[in-house]
Amino acid sequence: MVDRLANSEANTRRINIVENCFGAAGQPLTIPGRVLIGEGVLTKLCRKKPKARQFFLFNDILVYGNIVIQKKKYNKQHIIPLENVTIDSIKDEGDLRNGWLIKTPTKSFAVYAATATEKSEWMNHINKCVTDLLSKSGKTPSNEHAAVWVPDSEATVCMRCQKAKFTPVNRRHHCRKCGFVVCGPCSEKRFLLPSQSSKPVRICDFCYDLLSTGDLAACQPTRSDSYSQSLKSPLNDVSDDDDDDDSSD
């Protein structure tokens, strides 16, 4: 079905509509063989609070952005090559239901669908696209992925020293290796993680010590599928940015 749609006028028209919704700031999406599989609004778990994002699934990439005007205008376009994607289901917790992890070497995060059926459809379509891509390219699935950041709301104190309390002055930071919420003194080190950045990035002291000794496996994320904060609960607004999509800390 995908091959049949690849060069159809209907598919080209649909992709052009998506391009126009992102405007001049978005990257061109029309290339030979690309097919728009589906689209929809998913709730993305960001640093401070869950936020609605518009997602578009193509046969080779996953695209998402901020909703400015539903079905008309989006910004802050993100493009994720599907051949680097792995997904894992998340168990329902409170109001956080119908979720799964989207994991890549450069960025990983949790999203939630409105219903269990919608979740199942998204996961099935993503897996099918990834499987087809890898089958055609002969590549193996990626076994490396960036840590899923722990939401700010889940840490009132540093997750490493367990002492420093977060305040408007003592800000939250995230270790790029394990995803933990840590204080400044526990994350003063920088380390080059080539899959995430061309420059050294902030990591916690614990991960720095392990990375420096070459023990890469020991500092893999120990919790990436537990999100206990309710979607309806207010969150403390004391972190250093509003959305991990644009985070520098």
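Ile61 is found in strand E3. Helices (H or I, at least four residues) and strands (E, at least two) are DSSP runs, numbered from the N terminus. This is a predicted model, in which local features need pLDDT of at least 70, side-chain atom pairs count only at pLDDT 80 or more, and totals for chains, interfaces and linings use all residues. Residues are numbered from 1 along each chain as its sequence is written, and side-chain values use heavy atoms, with hydrogens and water left out.

## Ile61 and its surroundings

Ile61 has a relative accessible area of 6%, so Ile61 is buried. Buried means under 20% relative accessible area, exposed means over 50%, and partly exposed lies in between (1.4 Å probe, protein chains only). Which residues does Ile61 touch, not counting residues up to four places away in sequence? They are Leu29, Arg34, Phe56, Ile79, Ile80, Pro81 and Leu82. Contact here means heavy atoms within 4.5 Å. Val85 is 24 residues from Ile61 in sequence, and their C-alpha atoms are 9.3 Å apart in space.

## The whole chain

The protein chain has four helices and 11 strands. Of its 249 residues, 46% count as buried. Take contacts between residues at least 6 apart in sequence: 53% of them join residues at least 24 apart. The accessible surface comes to about 12,800 Å², and carbon and sulfur atoms hold 51% of that. Accessible areas come from the Shrake-Rupley method with a 1.4 Å probe; for residues, only the protein chains shown count as cover.

## Two nonpolar cores

In soluble globular proteins, nonpolar side chains tend to be buried together. A nonpolar core is a set of buried Ala, Val, Leu, Ile, Met, Phe, Trp, Tyr and Cys residues joined through side-chain atoms within 4.5 Å. The largest such core has 20 residues. Phe55, Trp100, Ile102 and Ile126 have the most contacts inside this core. Five elements each supply at least two of its residues: strand E2 (50-58), strand E3 (61-69), strand E6 (99-103), strand E7 (108-112) and helix H3 (116-137). H3 gives the most, with six residues.

What does Ile126 contact, leaving aside its neighbours within four places in sequence? The partners are Leu57, Leu82, Val85, Ile87 and Trp100. A second, separate core has 18 residues, including Val150, Cys175, Cys178 and Leu193.

## A buried alanine in a loop

Ala146 is found in the loop between H3 and strand E8 (173-174). Is Ala146 buried or exposed? Ala146 is buried, because its relative accessible area is 4%. Leaving aside neighbours within four places in sequence, Ala146 contacts Thr104, Pro105, Thr106, Lys107, Ser108 and Gln196. Gln196 is 50 residues from Ala146 along the chain, yet their C-alpha atoms are separated by 7.5 Å.

## Salt bridges

A salt bridge is a side-chain nitrogen of Lys or Arg within 4 Å of a carboxyl oxygen of Asp or Glu. By this rule the count comes to seven. The table shows some of them.

| Glu83 | Lys139 | 2.9 Å |

Glu83 and Lys139 meet in a salt bridge. The pair links distant parts of the chain, 56 residues apart: Glu83 is in the loop between strand E4 (73-81) and strand E5 (86-90), and Lys139 is in the loop between H3 and E8. Glu83 is partly exposed at 25% relative accessible area. Lys139 also counts as partly exposed, at 46%.

Lys103 lies in strand E6 and Asp88 in strand E5, so the pair ties together parts that are 15 residues apart in sequence. Lys103 counts as buried at 9% relative accessibility, whereas Asp88 counts as partly exposed at 33%.

Asp205 is in helix H4 (residues 205-212) and Lys189 in strand E10 (residues 189-191), 16 residues apart. Asp205 is partly exposed at 26% relative accessible area, and Lys189 is partly exposed at 34%.

## A buried charge without a salt bridge

Glu19 is found in helix H2 (residues 9-22). Glu19 is buried yet has no salt bridge. Lys and Arg count as positive and Asp and Glu as negative; His and the chain ends are not counted. Where is the nearest side chain of opposite charge? That side chain is Arg34, 6.8 Å away. A polar atom of the Glu19 side chain does lie 2.8 Å from the backbone nitrogen of Thr30. Leaving aside neighbours within four places in sequence, Glu19 is in contact with Pro28, Leu29 and Thr30.

Note on methods. A polar contact is a pair of N or O atoms within 3.5 Å; within protein, one must be able to donate a hydrogen and the other to accept it, and residues adjacent in sequence count only if both atoms are side-chain atoms.
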